[in-house]
Every structure is written in structure tokens, then in C-alpha cells.
Amino acid sequence: MEFTASQIASFIDGKIIGDESAVITGVSPIENGVSGHLSFIAQDRFSAYLDNSKCSVIIVSEHLITDKTYQPTLITVKDAYLSFQILMNLYQEMQGRKEGVEDGSSIHETAVIGEKVYIGAFTYVSEKAKIGEGSQIYPQVYIGKGVKIGKNCKIDSGARIYDYCIVGDNCVIHSNTVIGGDGFGFQPTPEGFQKIPQLGNVIIEDNVEIGSNCSIDRATIGSTTIGKGTKIDNLIQIAHNVKIGANNVIASQTGIAGSTTIGDWNQIGGQVGIVGHIKIGSQVKIQAQSGVNSSVNDKETVYGSPAIAYNDYLRSYVHFRKLPELAKRINNLENISKDHTNE
């Protein structure tokens, strides 16, 4: 697609400095600008590219503009990063949505399929499943018995949604993620570990996005729940009966053990481990690679393994690094003390 600077400015309510008729045919990172492409600058540290970028049109946060003359055509806005996101969303919408059922898919006669739904080849939709209007189910997806998927969802190739799980509206589930596999429940007996039936489900509320290769286990009884607006990265394990609130962000390779409750608006870094049966409050920040083995109050920031208050960890780390030197000094002092005692 081709767009002029004038058209782009109209989409984001921007003001043009330069050639309104400048045409763009693609986008580039500002560091690797290409003639005929669009990019953006939202932060001071990238402002030098205003003078030397090869991009034909640049969206710029207005506070970065001075009185000098610039080579590219500029579109000034209050927040360039947000405006660029708006453009990307518009472009994605222009690509259009698929509709219809492709050859090779299998849909049970009792399944209910909404209007303007797309179901890709080799997808299997089980009995009494429901798929809401406008949802996009890509090839090789498995949708189990009694599953409910809301409106305008996107389920990428290879995802698996087990029996009776529920997915809200406007959700995205990326490839090879499994929703509703059995929780890790086993009872030790003299003969070995006896499996505990996992009879619950998973409930995913509206506007949730789940990355690829994640596993969200069904509850033993009741529901494992993911609250509205929560965003889950790739390669994450969420165990049975976990309750995650609204608008959390959870980075890659995090593992959350069973029956833990997590509040709203939390930020959980990569490779975090959270034990079971604890409570994480709201507006909590857990730094990457932390091991959380006790409950965390609202608005705390924690770090380390086991995780402690972030600032306490940083102060302690100064001493961790010097432990060999401190041990040597203590030994020297003890030897001096012994010498004085012997005298």
C-alpha cells in the first residue's frame, strides 16, 4: 500500500513540516531508515536521527522539534509512539479478516458458529462448542467439547483449547499454546503417585493476549482464571486454580504454581518463579529471575531468590560481592584478637 504524508497525518491528527505529498510504501526502524519508508521518534536519545535518517517521513513527538530545517518530512504529534501504534492497528485492520470454513476442517453438527467466522484447514471443533462472531480460528487448532470462544478472537495455528474452557471477547492465543491441560495433581501412596482428577476448567476474560508455547492448566475443581486485559508472554506455565486479576503483564519463562492469587496491574519479569498458595497484591513489580516464596503486599517491588524488597536487595548485593574480602578481614581481626589474648 502507498500513503502520502498528508493521509498519514489525517489518521493521527498530526501537523506536517515539509512535503505533504511525500509517498511512503513501507516502514523502517529509525536506526536503519530507508528512502520511501516511514518511522517515528518519541525519545530524546533518538533525536539525532532527525538530521541523518534516510526515511522519507518521520512521526515525531512535538517536544523534540526545534526551529531548524529538517531533511525528511515530519509529522508532529503529542506522543509519537502512541500515534505509530494507532497507524499499525489501522494497517492491520486494512488487511481484512478471512471468513468461511476451509477444506479439511471438521466441525461437529452441534457446534455453534457465529457470523463472519474463519476456520482454517485441519481445525477440529468438538460437540457443543461455540465460536463468537468475527473470530479467526487458524489451521490445525483443536477446540474441545463445550468450549466457548467470544467475539473477534484470534486463535493461531496449533493452539489447543481443552473441554469446557471459556475464552472471552477480543482475545488472542498464539501458536502451540495449550489451554486447559490437566493440573499437576498427584497424591503420594505406598504404591506411588496417584493422579487426582482435574475436573475444572480455564476462564480467560476479555481482551487477554497469550503468547506461544504457554500452558494454562485447568483447575482441580472450579476454574483457573485470567483476568481481563492481562498480557502473557511466550513460554509461561500457569498451574491449576491460579487466579490472575486484570491488566497484568507477565514476561517469558515465568512459572506460577497452583492456587496462587495475583491481583491487578502487576508487572512480572522474565524467569520469575512463584510458589503455590500465596497471594500477590496489586500494582506489584517482581524483577526478572526472582523466586517468590511468600505473599507480597500491594505496590511492593521485590527482587532476588527468595525475593525481598528491591531496595534491600540492591543494598545487600553490595555486600554479597565483597563476601570473600569481608571474610578475610574478619579472619584477620580474629587472629589479631587471639594474639592479644595470648599475651
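Two rings of Phe, Tyr or Trp count as an aromatic pair if their centres lie within 6.5 Å. This model is predicted, and a search of the whole structure finds nine such pairs.

**First stop: F40 and Y81.** Select these two residues. Their rings form a tilted pair, with 5.8 Å from centre to centre and 50 degrees between the planes. The pair links distant parts of the chain, 41 residues apart: F40 sits in strand β5 (residues 37-41), and Y81 in helix α3 (residues 80-94). F40 has 23% relative accessibility and so counts as partly exposed. Y81 is partly exposed as well, with a relative accessible area of 47%.

**Second stop: Y118 and Y138.** The ring centres of Y118 and Y138 are 5.4 Å apart and the planes stand at 75 degrees, so this pair is edge-to-face. Y118 belongs to strand β11 (residues 118-119), while Y138 lies in the loop between β14 (136-137) and β15 (142-143), 20 residues apart. Y118 counts as buried because its relative accessibility is 2%, under the 20% limit. Y138, at 22%, counts as partly exposed.

Select T177 in the loop between β20 (172-173) and β21 (178-181). Is T177 buried or exposed? At 0% relative accessibility, T177 counts as buried. Show the side chain of T177 and follow it to the backbone oxygen of G211, which it reaches at 2.5 Å. Then display the residues in contact with T177, leaving aside its neighbours within four places in sequence: A159, R160, I210, G211, S212, N213 and C214.

Note on methods
Residues are numbered from 1 along each chain as its sequence is written. This is a predicted model: local features need pLDDT of at least 70, side-chain atom pairs count only at pLDDT 80 or more; totals for chains, interfaces and linings use all residues. Side-chain values use heavy atoms; hydrogens and water are left out. Helices (H or I, at least four residues) and strands (E, at least two) are DSSP runs, numbered from the N terminus. Buried means under 20% relative accessible area, exposed over 50%, partly exposed in between (1.4 Å probe, protein chains only). A polar contact is a pair of N or O atoms within 3.5 Å; within protein, one must be able to donate a hydrogen and the other to accept it, and residues adjacent in sequence count only if both atoms are side-chain atoms. Contact means heavy atoms within 4.5 Å. Rings of Phe, Tyr and Trp (its six-membered ring) pair if their centres lie within 6.5 Å; planes under 30 degrees apart count as stacked, over 60 as edge-to-face and the rest as tilted.
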